[in-house]
Number of protein chains: 2
Amino acid sequence: MREKKIPLNLNCGLDLIGEVLYGKWKIRLLWFIHEGYRRPSELQRKIPDASRRVLNIQLKELEQHELVSKIIYPVAPPKVEFSLTDFGMTLIPIIAALGNWGDENEERLKNVILKR
Amino acid sequence: MREKKIPLNLNCGLDLIGEVLYGKWKIRLLWFIHEGYRRPSELQRKIPDASRRVLNIQLKELEQHELVSKIIYPVAPPKVEFSLTDFGMTLIPIIAALGNWGDENEERLKNVILKR
DNA sequence: TTGCATAGGGATAAATAATTCCCTATTGTA
DNA sequence: TACAATAGGGAATTATTTATCCCTATGCAA
């Protein structure tokens, strides 16, 4: 998310949450961090379909939005750990609900997504 | 969503729900239909920031994914009505949770989104 | 008869998002 | 010494999504 030409909509709760949660991998990042995968390389391995680059970028945005915090250990080779902030933690039940809905409807969803 | 070059990920519930809910206006469309705004022109007026075109496209995808159904009345001028399917209805509590989280954290979210 | 409301599609342009490839640096291991 | 793992940024390119503009059609009201 760099400068936008199209003005932001921040009119309602759905606009607001959209601003911080849009991004192909953000919800999964939050979820995996919550599950205890805190280092960039671990997250990378959990989400092999995403490019390293995008994960870095989206992690940085999550950090700017105060959903995760980042600790850089001054060692070599470098060590970095992410964790959910208290604020980020409040999203976990909602993300769980999203994932559950997807799991519960797996059959049907695969059908309608792929049928086209 | 036309042909994709990048393969779909349908590994977990989060992937699946992402496939049907991604799209800038889809969640809002579902919500407004749930609130009783069923005609395309009404939805348009509720979401003036979206172009007519995209709303049509996203409504069509929601229909293909069986979250909404569409009735075309054979009259002139044309009349069309959308409604949530039973399947789509099961998303409403989750969408409500998303919206509530956004509303409850309005201050903070506006801050972190705009501070940059 | 002009204009508006209805619904929606095609073509194209613009904006945004994500990928790919290549670069820096350090330490430990084969 | 060469290579892997660690973390991450720059540039360029591709993919995807959304917006803009223009078109069709019908019926009603001023």
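This report describes the symmetry, pockets and salt bridges of a predicted model.

## How the two chains are related

Two copies of a chain are related by a rotation about an axis and a shift along it.

## The largest pocket

Rolling a probe the size of a water molecule over the atoms shows where empty space is left. In this model the largest pocket holds about 1,000 Å³ of space. Its lining has 40 residues, and those closest to the centre are Tyr22(A), Leu21(B), Tyr22(B), Gly23(B) and Lys24(B).

By residue type, the lining of the largest pocket consists of 22 nonpolar, 6 polar and 12 charged residues.

## The second largest pocket

The second largest pocket has about 290 Å³ of space. It is lined by 19 residues, and the closest to its centre are Cys12(A), Leu14(A), Asp15(A), Arg28(B) and Phe32(B). Two or more lining residues come from each of H1 of chain A, H2 of chain B and helix H6 (92-104) of chain B.

Which element gives the largest share of this lining? H6(B) does, with 5 residues. The lining of the second largest pocket divides into 9 nonpolar, 5 polar and 5 charged residues.

## A salt bridge between the chains

Side chains of opposite charge can pair when their charged atoms come close. Over all chains, the count is 8 salt bridges. One of them joins the side chains of Asp15(A) and Arg28(B), with 2.3 Å from N to O. This pair crosses between chains, running from helix H1 of chain A to helix H2 of chain B.

Are these two residues buried or exposed? Asp15(A) has a relative accessible area of 5% and is buried. Arg28(B), at 13% relative accessibility, also counts as buried because the value is under 20%. Apart from its neighbours within four places in sequence, Arg28(B) is in contact with Leu14(A), Asp15(A) and Ile47(B). Asp15(A) and Arg28(B) are also among the residues closest to the centre of the second largest pocket.

## Salt bridges within chain B

Lys26(B) and Glu61(B) form another salt bridge, in which the closest N and O atoms are 2.7 Å apart. The two residues are 35 residues apart and link distant parts of the chain, with Lys26(B) in helix H2 and Glu61(B) in helix H4 of chain B. Lys26(B) is buried, at a relative accessible area of 0%, and Glu61(B) counts as buried at 9%.

Glu106(B) and Lys110(B) form a salt bridge too, with their closest N and O atoms 3.0 Å apart. Both lie in helix H7 (residues 106-114) of chain B; because they are 4 residues apart there, about one helical turn separates them. Glu106(B) counts as partly exposed at 32% relative accessibility, and Lys110(B) counts as partly exposed at 29%.

Conventions:
Residues are numbered from 1 along each chain as its sequence is written. Chains are lettered from A and ligands numbered from 1 in the order in which they are written. This is a predicted model: local features need pLDDT of at least 70, side-chain atom pairs count only at pLDDT 80 or more; totals for chains, interfaces and linings use all residues. Side-chain values use heavy atoms; hydrogens and water are left out. On a 1 Å grid over the protein atoms alone, a cavity is a set of points where a 1.4 Å probe fits but cannot get out, and a pocket is an open set with protein on both sides within 12 Å along at least five of seven lines; lining residues have an atom within 4 Å of a point. Grid points are joined across faces, edges and corners, and a volume is the space filled by probe spheres set on the points. Ala, Val, Leu, Ile, Met, Phe, Trp, Tyr, Cys and Pro count as nonpolar, Asp, Glu, Lys and Arg as charged, and the others, Gly among them, as polar. Contact means heavy atoms within 4.5 Å. A salt bridge is a side-chain nitrogen of Lys or Arg within 4 Å of a carboxyl oxygen of Asp or Glu. Buried means under 20% relative accessible area, exposed over 50%, partly exposed in between (1.4 Å probe, protein chains only).
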